[in-house]
Structure formats: C-alpha cells, structure tokens
Amino acid sequence: MRILGIETSCDETAAAVVQGGKVVLSNVVVSSLSEHQKFGGIIPELASRRQLDFINDVVAKSLTDAHLKLSDIDAVAVTITPGLLGSLLVGTCFARALSFSTHKPLMEVDHIQAHLYANFLIDSSGNKKPPALPAIGLVVSGGHTSLYLIRNFRHIKLLGQTLDDAAGEAFDKVAKILNLGYPGGPAIDKLAKEAKRTKLTFPCADLGNSLNFSFSGIKTSVLYYVKKHQTLKNFSTKEVAYAFQKSVVDTLIKKCLEACQKYSIKTLLIGGGVAANSTLRSELLKKASLKKIKVYFPALKLCLDNAAMIAGLAYHHRHQN
Ligand code: KG4
Ligand code: ZN
C-alpha cells in the first residue's frame, strides 16, 4: 500500500510517499523559515500564505520523485493536529480535496505521534530492523516535550509532558537571549561544542518522581545571568550555551531512563527537532546502553518536520501492527 502524506503544521510544506508504512519512496520538504528569521520566530499568517503557494508543487514533486502517478496512490494522509491553525487548514483542505476528487481514502494523523514513528522508516535502499515494542517514546520539539508508553501504534499512553515551555522552545528563547538567531537549537548545539566544560550551572526545575518537565525556569535563570554580566561583558556565550544545553539534556535523559525503569521497558524512541541535538544523541546512547536499553533516533532529516512520518503512521491506522 502506498500512502501520500501531507504535512503543514508549522513553517514547512511537506509531502512524501511511503510504501507499506515503512519504505520512504519520496520526501519533499520546503520551508519558509528564512522569511521568519528576521522576526525571531514563526509568523503564522506568513507561514500559511507560503504553504498555499507551495503545496501544489510540493505534492507534485513527491509523486515525481517516487516515479508514481496520482492514480498509483492508495490513500492520502494528512496532519490534523497540533499546529498553527491556518497552516493546518491549508494541508487538510488540500488533502480532503485530493481524497474527494480521486476517491482515495483520507487518513488523519497526529503530528506528535508521527514524530516517534519516524524511527520505523527506512529509505528504499535500507533494510533496517524495526525497533521492538513496547517502547518509551520521547517527543522533543519546538512545541512539545512529551513522554509516552507505546504498546503499539494504536495504543499510545501519555506519561508526562512539559508544564510550561517545550525543550525546543527553551533552546529558541535562550538563543534569542544570547543573540544567536532563530531557530536556536542548532546554533546552541554548535556553540556548546566550543566549550568543553564550565563551572557554570543552570539547573532545571526538580519535579521529583513525576515524569513531567519544566523548562521555563532555566530560561529565566539564563536571562538573569546574562543581564547581570552583560554590562561588564564578563561572561562566555559558549559556556552559557554549554551549561544550558547540558542541563536540558541531562533532564531529558533522566526522565527517559526513569520511565523505562518504571515500566520495565528496554526500547526508547526519540523524535522531534531536538532529537537532532548531538549531545542528546551521544549522551543518551551512552547512558542507556549501561542499562541495556536500546535507543533509536530518526535519521537527521526525519527528526525535523516531514510528511514521510505522517504517511508511515497512517498505514497503521488501517492495519493493526
Ligand atoms: O519538530 P520540529 O521541526 O518542529 C516542531 O514540531 O516544533 O522542531 C523544531 C525545534 C526548534 O525549537 C529547534 O530549535 C529545535 O527543534 N532543534 C534543535 C536542534 N535542531 C532543531 N534543538 C537542539 N539541538 C538541535 N540540533
Ligand atoms: Zn514537529
């Protein structure tokens, strides 16, 4: 079964074709990010207007790249939530019209669950063994930080989530405080590599045994630190980036391992934009292997918003695992 996926929840306009819920035949992503950068964040009206401009060509290219015609597609899948309302409207209206005019079924997919599903995708040359379920899943993106217990892709239970800022949002806000531009995650990731260590610490809120997260306090503590030291210019931006990133990464790892222990799970799936963070990737692999937990990160291009994860997960809405 070949599913055409459409994803327009934020600044991206994306379309992809996935076969059998697994093999990515094409994956096209166009972003209006560069037009938002001067504003320091995504402007919803601008994002949806660009998506209207792009969507026809993006869908057409996803078919061309897969060497398929629209008639070769068995179903259309689309992100329905969460996301920017205007942006979601562009994708869902397009997908509904396509489904209606071609008489193909329409499948509605949750963007957050799809981020975790990215770990099950392979490209047409690949032959990867899929992760074993049940698993603990962590979605860390610009809008979400959520931990799930995944029995299968129809039974996903939320175990905890951020009480305030998402991890990616904290990266973006701290990058703004440090004048590193938008989006902040990649900039902090790169800069933190230049500081091998520091005495500086910015602790994350301690929520005890709860599997929830809180990242708004750490952002404020970076803000106060920078305000206090910037007039004298006696602080190192690299060290602040390093200390902030270390604290967020340590917290994410701690909660993931606690969830695995609590539910006796040996598979951990990570997804979302922050899953591209190099320190999170290396430290989590190291710490989880000590507990014999197998960690999966999607390929870098599948960590960020894409439509392959939407088409892939949609397959399981029709087929029990
Ligand atoms: O999943 P995504 O593409 O969009 C949402 O659904 O939010 O995630 C975007 C978020 C942004 O906050 C961005 O700063 C963060 O992912 N991000 C990173 C890295 N690359 C992207 N955060 C930390 N380190 C990175 N390398
Ligand atoms: Zn996302």
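Mentor: Before we start, helices here are DSSP runs of H or I with at least four residues and strands are runs of E with at least two, numbered from the N terminus. This is a predicted model, where local features need pLDDT of at least 70 and side-chain atom pairs count only at pLDDT 80 or more, while totals for chains, interfaces and linings use all residues. Residues are numbered from 1 along each chain as its sequence is written, chains are lettered from A and ligands numbered from 1 in the order in which they are written, and side-chain values use heavy atoms, with hydrogens and water left out.

Trainee: Thanks! Where is Lys-219 placed, and why is Lys-219 called buried?

Mentor: Lys-219 sits in helix α7, residues 216-230. Buried means under 20% relative accessible area, exposed means over 50%, and partly exposed is in between, with a 1.4 Å probe and protein chains only. Lys-219 has 17%, so Lys-219 counts as buried.

Trainee: Which residues does Lys-219 touch?

Mentor: Leaving out residues up to four places away in sequence, Lys-219 touches Asp-165, Lys-173, Val-174 and Ile-177. A contact means heavy atoms within 4.5 Å.

Trainee: What makes Lys-238 partly exposed?

Mentor: Its relative accessible area is 35%, so Lys-238 is partly exposed. Lys-238 is in helix α8 and touches Leu-191, Ala-192, Glu-194 and Ala-195, again not counting residues up to four places away in sequence.

Trainee: Leu-191 and Ala-192 are in your list for Lys-238. Which residues of helix α6 are buried, and what covers them?

Mentor: In α6 (residues 184-192), the buried ones are Gly-184, Gly-185, Ile-188, Asp-189, Leu-191 and Ala-192. Their cover includes α5 (167-177), α8 (237-262) and α9 (278-290).

Trainee: How many disulfides does the structure hold?

Mentor: It holds 0 disulfides, where a disulfide is a pair of cysteine sulfur atoms within 2.5 Å.

Trainee: Which residues coordinate the zinc ion (ligand 2)?

Mentor: His-111 (NE2), His-115 (NE2) and Asp-305 (OD) do, at 2.0 to 2.2 Å. Donors are N, O and S atoms within 2.8 Å of the metal (3.2 Å for Na, K and Ca), and water is not among the atoms, so sites may look incomplete.

Trainee: Why is the arrangement around the zinc ion (ligand 2) called irregular?

Mentor: Four donors count as tetrahedral if all angles lie between 85 and 135 degrees; four count as square planar and six as octahedral if opposite donors are over 155 degrees apart and all others between 65 and 115; anything else is irregular. The 4 donor atoms here subtend angles of 94 to 144 degrees, so the arrangement is irregular.

Trainee: What spacing do the donors follow along the chain?

Mentor: The spacing is H-x3-H-x189-D. His-115 lies in helix α4 (residues 111-117) and Asp-305 in the loop between α10 (300-303) and α11 (308-318), so the pair ties together parts that are 190 residues apart in sequence. His-115 is buried at 1%, and Asp-305 is buried at 15%.

Trainee: What makes Asn-179 stand out in its phi?

Mentor: Its phi is near 60 degrees, a positive value in a residue other than glycine. Most residues other than glycine have a negative phi, and most peptide bonds are trans. Asn-179 lies in the loop between α5 and α6 and, at 70%, counts as exposed. His-103 also has a positive phi, near 60 degrees, and at 74% is exposed.

Trainee: Which residues does the cis peptide bond with omega about -15 degrees join?

Mentor: That cis bond joins Thr-81 and Pro-82, and Pro-82 is in the loop between β4 (75-81) and α3 (85-102). The bond from Leu-133 to Pro-134 is cis too, with omega near 10 degrees.
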